[in-house]
Amino acid sequence: MLIHNLIVILMTNNKLHAINAHDLLVISGGGFSCESWLLGVETNNVRGWKTVPRGCESFVGQYMIGKRYGEDLAMVVGEAEKYARGLKLGGDGKEVWVFDVDDTALSNLPFYAHRGFGARAYNKSEFDVWVNKSRRPAVQQSLRLYKTLLSLGIKVMFLGTDFEHDRDIISANLRKVGYITWEKLLLRIPKVKLSTISFKSSERKKLQQEGYKIVGNIGDQWSDILGTPEGDRTFKLPNPMYYVN
Ligand SMILES: *[C@@H]1O[C@H](CO)[C@@H](O)[C@H](O)[C@H]1NC(C)=O
Ligand SMILES: *[C@@H]1O[C@H](CO)[C@@H](O)[C@H](O)[C@H]1NC(C)=O
Ligand SMILES: [Mg+2]
């Protein structure tokens, strides 16, 4: 354990990252590892969590701000592009790909990077003000997938968990960072109380009923990609910042 600790500290010093070594390791005696937690989150084994576990805040920060998050995004997007390029399209322009908005198309990382990644990080009113400024950057890897799909002739649908009253703000933000066109931008109506899975799967069902073929579906939450119809293939982007039920 001691040697492992030293190696971690040396490696991180090398990269000039300040990190709590405990965050990377099984805390001695406690049997809890932030890496195992992250794996559990991404595989949908760890569900319903309200916040990053205490002691994993700097681990999550390191993951998100360091290289690894970007590499993990690129891995998913690489597979998605490979899959998309292999599709035989019908030529009727009915193939569509569903993109989630928050932390799939547009990044909330700057907000969390500023506030921190733990329980006290999230302040709803500050978050709303920030979203309203329409200055969220694109998740660059998703933007790359978006461009690839358009070049292949696959249409893009945005299906957000955000509300209708933010439509203009979100549209402006999407356009500003390079998502220049889309087939539909589907958002929630506050009065209709549905779980994310129910809302999103019912919207996808409507798309099918309108004659669209959902060839792909990408999101950073399992609730983006679970629920029938899911789409022919789903892609899960990493996100250990928060959990949407
Ligand atoms: C959230 O931020 C606002 C504006 O800065 C502040 O007035 C409010 O007290 C904060 N709420 C919490 C729960 O910290
Ligand atoms: C954000 O903008 C929407 C639409 O203009 C508005 O309804 C909402 O009150 C705004 N929220 C904040 C926190 O400014
Ligand atoms: Mg999302």
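Modeller: A helix here is a DSSP run of H or I that spans at least four residues. In this predicted model, helix α3 is followed by N44, whose phi is positive, near 65 degrees.

Colleague: Which residues of helix α3 are buried?

Modeller: C34, W37, L38 and V41 are buried within α3, which covers residues 34-42.

Colleague: Why are the buried residues of α3 said to line one face of the helix?

Modeller: Viewed down the axis of α3, they fall within an arc of 100 degrees, and therefore they line one face.

Colleague: What makes β3 and β5 edge strands?

Modeller: The open sheet has five strands in the order β3-β2-β1-β4-β5, with parallel pairing. Strands β3 (184-188) and β5 (234-236) each pair on one side only. Helix α9 (residues 167-176) lies across β2 and β3 and runs at about 140 degrees to β3.

Colleague: Which residues surround ligand 2, and how do they divide into nonpolar, polar and charged?

Modeller: Ligand 2 is surrounded by D128, V129, N132, H165, D166 and I169. This shell comprises two nonpolar, two polar and two charged residues. Val and Ile count as nonpolar and Asp as charged, so V129 and I169 belong to the nonpolar class and D128 and D166 to the charged class. Helix α7 (residues 124-132) supplies the largest share of the shell, three residues.

Conventions. Residues are numbered from 1 along each chain as its sequence is written. Chains are lettered from A and ligands numbered from 1 in the order in which they are written. This is a predicted model: local features need pLDDT of at least 70, side-chain atom pairs count only at pLDDT 80 or more; totals for chains, interfaces and linings use all residues. Two strands pair if DSSP finds at least two bridges between them. Helices (H or I, at least four residues) and strands (E, at least two) are DSSP runs, numbered from the N terminus. Two residues are in contact if their C-beta atoms, placed from the backbone, lie within 7 Å. Axes are lines fitted to C-alpha atoms, for helices over the stretch in contact, and angles run from 0 to 180 degrees between N-to-C directions. A residue is near a molecule or strand if its C-beta atom, placed from the backbone, lies within 6 Å of it. A residue is buried if 20 or more other C-beta atoms lie within 10 Å of its own, exposed if 12 or fewer, and partly exposed in between; C-beta atoms are placed from the backbone. The arc is that of the directions from the helix axis to the C-beta atoms.
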